[in-house]
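Subject: Structure handover

Hello,

Here is the structure I said I would pass on. My notes follow below it.

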Amino acid sequence: MRRAVYPGSFDPLTNGHIDIIARAARLVDELLVAVVRNPNKTPLFTLAEREAMLRESLAPFENVRVLSFEGLLVEFVRSQEANIIVRGLRAVSDFEIEFQMALLNRKLAPAVDTIFLMTDAQHAFLCSSSVREIASLGGEVGDLVPANIERALRAKFATKAK
Ligand code: PNS
């Protein structure tokens, strides 16, 4: 059983994440998409909201499960009896931080490997923070995120504006 973990903040999930998830799901038996609870960050969407949104968007993928975690990623990976971490790479600018994280994670858990998948070129410019900013300013994000996430962004910013 080849089980991998794709961790992230997913605040919110974008089409770029989905592209990586689709690629990773083809390579492994089971892919666990793991939403981080990061006590040092205040996300736009709560952990429960992000988990629910991911479950809805990722329902078509039969071998993908959505979970959340807190604390060290490698401990979560071990607890799930997985030995692969999946991360997406868009441009060279992603590499430095990802390289550092992968080597630190290897130091902490030598039996866990990180594999990097390249997003499709059409998603190379896409990141959650830009999606949040565009949506907060009333811009169109329909081409950047799944439909349920677009609706959730609209609802979130409509409430915030009140
Ligand atoms: O989507 P993001 O914000 O780029 O994901 C970052 C994530 C969740 C992969 C990273 O912050 C993480 O692994 N957090 C868990 C804490 C941890 O294990 N830190 C040590 C990694 S070097």
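Which residues lie nearest the centre of the largest pocket, and how many residues line the pocket? The residues nearest the centre are Pro-7, Gly-8, Ser-9, Lys-41 and Arg-87, and the lining has 40 residues.

Before the rest, some points on how to read the values. This is a predicted model, in which local features need pLDDT of at least 70 and side-chain atom pairs count only at pLDDT 80 or more, while totals for chains, interfaces and linings use all residues. Residues are numbered from 1 along each chain as its sequence is written, and side-chain values use heavy atoms, with hydrogens and water left out.

The largest pocket

A pocket is found on a 1 Å grid over the protein atoms alone: it is an open set of points with protein on both sides within 12 Å along at least five of seven lines, and its lining residues have an atom within 4 Å of a point. The largest pocket has a volume of about 1100 Å³ (the space filled by probe spheres set on the points, which are joined across faces, edges and corners). Its lining takes at least two residues from each of β1, α1 (15–27), β4 (84–89), α4 and α5 (128–136). Helices (H or I, at least four residues) and strands (E, at least two) are DSSP runs, numbered from the N terminus. With seven residues, α4 gives the most to this lining. By class, the lining has 17 nonpolar, 14 polar and nine charged residues. Here Ala, Val, Leu, Ile, Met, Phe, Trp, Tyr, Cys and Pro count as nonpolar, Asp, Glu, Lys and Arg as charged, and the others, Gly among them, as polar.

The ligand

The ligand takes up the space of the largest pocket (more than half of its atoms lie within 2 Å of the grid points). Around the ligand are 13 residues, of which Gly-8, Ser-9, Gly-71, Leu-73 and Arg-87 come nearest; a residue is near if one of its heavy atoms lies within 4 Å. β1 (3–8) and α4 (92–108) each supply at least two residues of this shell, and the largest share, three residues, comes from α4. The shell has seven nonpolar, four polar and two charged residues.

- 2.6 Å to an N or O atom in the side chain of Ser-9
- 2.8 Å to a polar backbone atom of Leu-73
- 2.9 Å to an N or O atom in the side chain of Arg-87

Of the 550 Å² of accessible area that the ligand has on its own, the protein covers 71% (Shrake-Rupley method, 1.4 Å probe).

The cavity

The structure holds one cavity of 30 Å³ or more, where a cavity is a set of grid points at which a 1.4 Å probe fits but cannot get out. About 50 Å³ of space lies in the largest cavity. Leu-73 and Arg-87 are among the residues that line this cavity. α4 supplies the largest share of the lining, four residues.

The loop between β1 and α1

Phe-10 is in this loop and has a positive phi of about 50°, although Phe-10 is not a glycine. Pro-12 is also placed in the loop between β1 and α1, and a cis peptide bond with omega of about 5° joins Asp-11 and Pro-12. Most residues other than glycine have a negative phi, and most peptide bonds are trans.

Regards

How values were computed: Polar contact = N/O pair within 3.5 Å; in protein donor to acceptor, adjacent residues only side chain to side chain.
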